[in-house]
Amino acid sequence: MKQKLTFLLFLSWCCLTATFLLGCTQNNTATGTTGTNATAKKETVVYLVRHAEKDTSDPKNEDPNLTPAGQQRAEALKTLLAQEPVAALYATKYVRTRQTLQPIAQSKSLPIATYEAHNFKGLAQTIKEKHPGQTVVVAGHSNTLLPLVEALGGKKPFAEITDAQYDYLFKLTLESGQETRVEVLQVGEANVAPVK
């Protein structure tokens, strides 16, 4: 009799434990969280790059192609970001910005979306809504990159990008509730300022 009672108590304890564990699993599944992933935070990473060197041989051409040096810099950008999980590419309507991203687009089989060059807030909103937790690369212009840094919640690392500077690459890390982190990187060879 004593053994039977002990067995029944043990069986009841097993049932209660199993019910408790099953309930915890269902709660985690319902809220979309499991184990250590429950505390993981998703960061959105945005790389901002100016188009590479453009052909200035024809002053009347407002939409020139990249020079050979510019094509090399575009290839350098592809190499630099080869291991990054790039999910989206954005360029302005100009040939030079699209050509800057073309090597990445080909290597990762991604389309290049077009955005309005001076619609800083609009692009920032699009990135936040369409690409949370993803990596995005944006090609812009010397007078649009720093305003984009600010539109994405970052602080400008310096006052301006001159017309002769093509080697800056800005990495912005966006995380909910945190200030946007801005890192200044270099893509390709360092620029040599033109002699005046």
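**Helix contact**

I listed the touching residues: Ala74, Glu75, Leu77 and Lys78 of α2 meet Gln99, Thr100, Leu101, Pro103, Ile104 and Ser107 of α3. Contact means heavy atoms within 4.5 Å. By class, this contact of α2 with α3 holds 5 nonpolar, 3 polar and 2 charged residues. Ala, Val, Leu, Ile, Met, Phe, Trp, Tyr, Cys and Pro count as nonpolar; Asp, Glu, Lys and Arg count as charged; the others, Gly among them, count as polar.

**Ground rules**

I noted that this is a predicted model, where local features need pLDDT of at least 70, side-chain atom pairs count only at pLDDT 80 or more, and totals for chains, interfaces and linings use all residues. Residues are numbered from 1 along each chain as its sequence is written, and side-chain values use heavy atoms, with hydrogens and water left out.

**Helix geometry**

At what angle do α2 and α3 pack? I found about 40 degrees, with the axes 8 Å apart, for α2 (residues 68–80) and α3 (residues 95–108). Axes are lines fitted to C-alpha atoms, for helices over the stretch in contact, and angles run from 0 to 180 degrees between N-to-C directions. So α2 is oblique to α3 (under 35 degrees is roughly parallel, over 145 roughly antiparallel, 65 to 115 roughly perpendicular, the rest oblique).

**Whole chain**

I then read the protein chain as 5 helices and 6 strands. Helices (H or I, at least four residues) and strands (E, at least two) are DSSP runs, numbered from the N terminus. Along the sequence, the pattern is α-β-α-β-α-β-α-β-α-β-β. Buried residues (under 20% relative accessible area, 1.4 Å probe, protein chains only) make up 34% of the 196 residues.

Terms used: Buried means under 20% relative accessible area, exposed over 50%, partly exposed in between (1.4 Å probe, protein chains only).
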